[in-house]
Amino acid sequence: MSLLGVVASGCPLVTAPSYVLDPATCVYTVPHGAASPHIVVFLTGCVALPPGYVVRLYLVTPPQIPGQPPLWTPLGFVAQEKPSAVFKVAAATAPVAAVPGSADESSSSSRGDELVVGVKQEPMT
C-alpha cells in the first residue's frame with residue numbers, strides 16, 4: 001500500500017518508492033520523466049497521514065560538485081487538507097545521480113531520463 005502517486009505526462013503512474021531512506025523519507029523515481037515539464041503528486045488514500053503531518057516534496061538532482069550528496073530542491077507539499085498538487089519541474093533535465101548507498105549508485109549515468117522526487121513526512125509547521 002502506497003501513500004503517494006506520482007505522474008509525469010507520458011509516463012506510467014508511480015505508486016511505490018524506489019528507495020526508503022528512513023521511516024519518514026523516501027524517493028520516487030519516474031522512468032522517462034525528465035522530459036516532462038510538470039508532475040502531479042497525490043495522496044492515494046490507502047495510507048493515512050498522522051494528524052498534523054504533511055508530505056514535503058523535493059526535486060532530487062545530481063550534485064554540482066562531484067562527491068557531494070544529491071540536491072533536494074523544495075517543490076511544495078500535500079496533506080489531508082490538500083491531497084494533490086501540480087509542480088513545475090522543467091529544470092529536471094540533467095542526469096539523475098543514484099541515491100548514495102543504493103545498489104544503483106554505480107550506474108547513475110544510465111539513469112539520465114529519470115525524474116526523482118524526494119518525499120519527507122513531517123509535522124506541519
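Strands E1 and E4 (residues 38-43) run antiparallel and are joined by 5 bridges. Strands here are DSSP runs of at least two residues, labelled E, while helices are DSSP runs of at least four residues, labelled H or I; both are numbered from the N terminus. Within this pairing, Leu4 stands opposite Leu43 in E4. The model is a predicted one, in which local features need pLDDT of at least 70 and side-chain atom pairs count only at pLDDT 80 or more, whereas totals for chains, interfaces and linings use all residues. Residues are numbered from 1 along each chain as its sequence is written, and side-chain values use heavy atoms, with hydrogens and water left out.

E1 and E4 belong to an open sheet of 3 strands with the order E1-E4-E7 and antiparallel pairing; two strands are taken to pair if DSSP finds at least two bridges between them. At the edges are E1 and strand E7 (84-88), each of which pairs on one side only. From one strand to the next, the twist averages 20 degrees, with axes defined as lines fitted to C-alpha atoms (for helices over the stretch in contact) and angles running from 0 to 180 degrees between N-to-C directions.

Pro12 is placed in the loop between strand E1 (4-8) and E2. With a relative accessibility of 46%, Pro12 counts as partly exposed; the class lies between buried, under 20% relative accessible area, and exposed, over 50% (1.4 Å probe, protein chains only). Leaving aside residues up to four places away in sequence, Pro12 touches Val6 and Pro31, where contact means heavy atoms within 4.5 Å. The C-alpha atoms of Pro12 and His32 are separated by 9.0 Å, and the two residues are 20 residues apart along the chain.

E2 is part of an open sheet of 5 strands, paired antiparallel in the order E2-E3-E8-E5-E6. Because strand E2 (19-22) and E6 each have a single partner strand, they stand at the edges, and one side of each is left without a neighbour in the sheet. The twist in this sheet averages 25 degrees from one strand to the next. E5 and E8 pair in the antiparallel sense over 8 bridges, and Val60 stands opposite Val116 in E8.

Where does the salt bridge found in the search of the whole structure lie? That search finds 1 salt bridge, defined as a side-chain nitrogen of Lys or Arg within 4 Å of a carboxyl oxygen of Asp or Glu. Arg56 forms it with Glu122, and the closest N and O atoms are 2.8 Å apart. The pair links distant parts of the chain, with Arg56 in strand E5 (residues 53-61) and Glu122 in strand E8 (residues 115-123), 66 residues apart. Glu122 is partly exposed, at a relative accessible area of 24%.

Tyr58 in strand E5 and Trp72 in strand E6 (residues 71-78) are 14 residues apart. Tyr58 counts as buried at 13% relative accessibility, whereas Trp72 is partly exposed at 26%.
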